[in-house]
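Me: Could you take a close look at a single part of this structure for me? I'd like one connected account of that part and of the elements around it.

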Amino acid sequence: MVEYRIDRHSGVATYVQIVQQTKQALRLGLLQPGDRLPTAREVVEATAINPNTVLKAYRELEREGLVEARRGLGTFVRRSLGTAPADSPLRTELEAWAERARAAGLERDDVAALFTAVLDTHFQGDPS
């Protein structure tokens with residue numbers, strides 16, 4: 001099951017963070033079709049956010065066809081995204097790179113900017 005981490009200082013709306021983290025879990029294969037998402041109550045207890053925020057995020061995911069709400073049962077994954085499993089050799093290489101970047105004194109925002117620049121170079125025109 002996915003555990004949401006809310007960054008209140010990111011400037012990104014809380015419901016958007018939930019949507020993004022769910023999509024990331026789908027892309028990494030951490031969530032599979034048929035898996036149940038945490039209930040709104042579970043997310044509220046873990047993150048101290050408003051339950052309506054969780055429901056808004058889940059409605060957005062449902063609108064995109066990624067999950068479906070089953071009355072009285074919860075919200076379940078309908079389909080996955082991408083093909084980058086969490087145990088991919090590429091992830092191992094990326095983790096090693098991130099460790100080298102940190103050891104070189106780069107901060108999180110520096111690493112994010114560098115990584116985004118490389119992505120933009122190699123994935124120009126990619127709709128995702």
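**The second largest pocket and helix H3**

Reply: Happy to. Helix H3 gives the largest share of the lining of the second largest pocket, namely four residues. Please keep in mind that this is a predicted model, in which local features need pLDDT of at least 70 and side-chain atom pairs count only at pLDDT 80 or more, while totals for chains, interfaces and linings use all residues. Residues are numbered from 1 along each chain as its sequence is written, and side-chain values use heavy atoms, with hydrogens and water left out.

The second largest pocket has a volume of about 220 Å³. (A pocket is an open set of points on a 1 Å grid over the protein atoms alone, where a 1.4 Å probe fits and protein lies on both sides within 12 Å along at least five of seven lines; lining residues have an atom within 4 Å of a point. The volume is the space filled by probe spheres set on the points.) Its lining has 16 residues, and the closest to the pocket centre are Leu55, Tyr58, Ala69, Gly74 and Thr75. H3, strand E1 (67–70) and strand E2 (74–77) each supply at least two lining residues. By type, the lining holds seven nonpolar, four polar and five charged residues. (Ala, Val, Leu, Ile, Met, Phe, Trp, Tyr, Cys and Pro count as nonpolar, Asp, Glu, Lys and Arg as charged, and the others, Gly among them, as polar.)

Gly74 belongs to E2. Leaving aside residues up to four places away in sequence, Gly74 touches Glu68 and Ala69 (contact means heavy atoms within 4.5 Å). Leu37 lies 37 residues from Gly74 in sequence, with 7.3 Å between their C-alpha atoms.

Now to the neighbours of H3. Ala40, Val43 and Val44 of H2 meet Pro51, Val54, Leu55 and Tyr58 of H3, and the residues of this contact are seven nonpolar, no polar and no charged. The axes of H2 (residues 40–47) and H3 come within 9 Å and cross at roughly 125°, which means H2 is oblique to H3.

Thr14, Tyr15, Ile18, Val19, Thr22 and Lys23 of H1 make the contact with Thr53, Val54, Lys56, Ala57, Tyr58, Glu60 and Leu61 of H3. That contact comprises seven nonpolar, three polar and three charged residues.

As for the setting, the chain has five helices and two strands (DSSP runs of at least four residues for helices and at least two for strands, numbered from the N terminus), in the order α-α-α-β-β-α-α.

Definitions and conventions:
Axes fitted to C-alpha atoms, helices over the stretch in contact; angles between N-to-C directions. Parallel < 35°, antiparallel > 145°, perpendicular 65-115°, else oblique.
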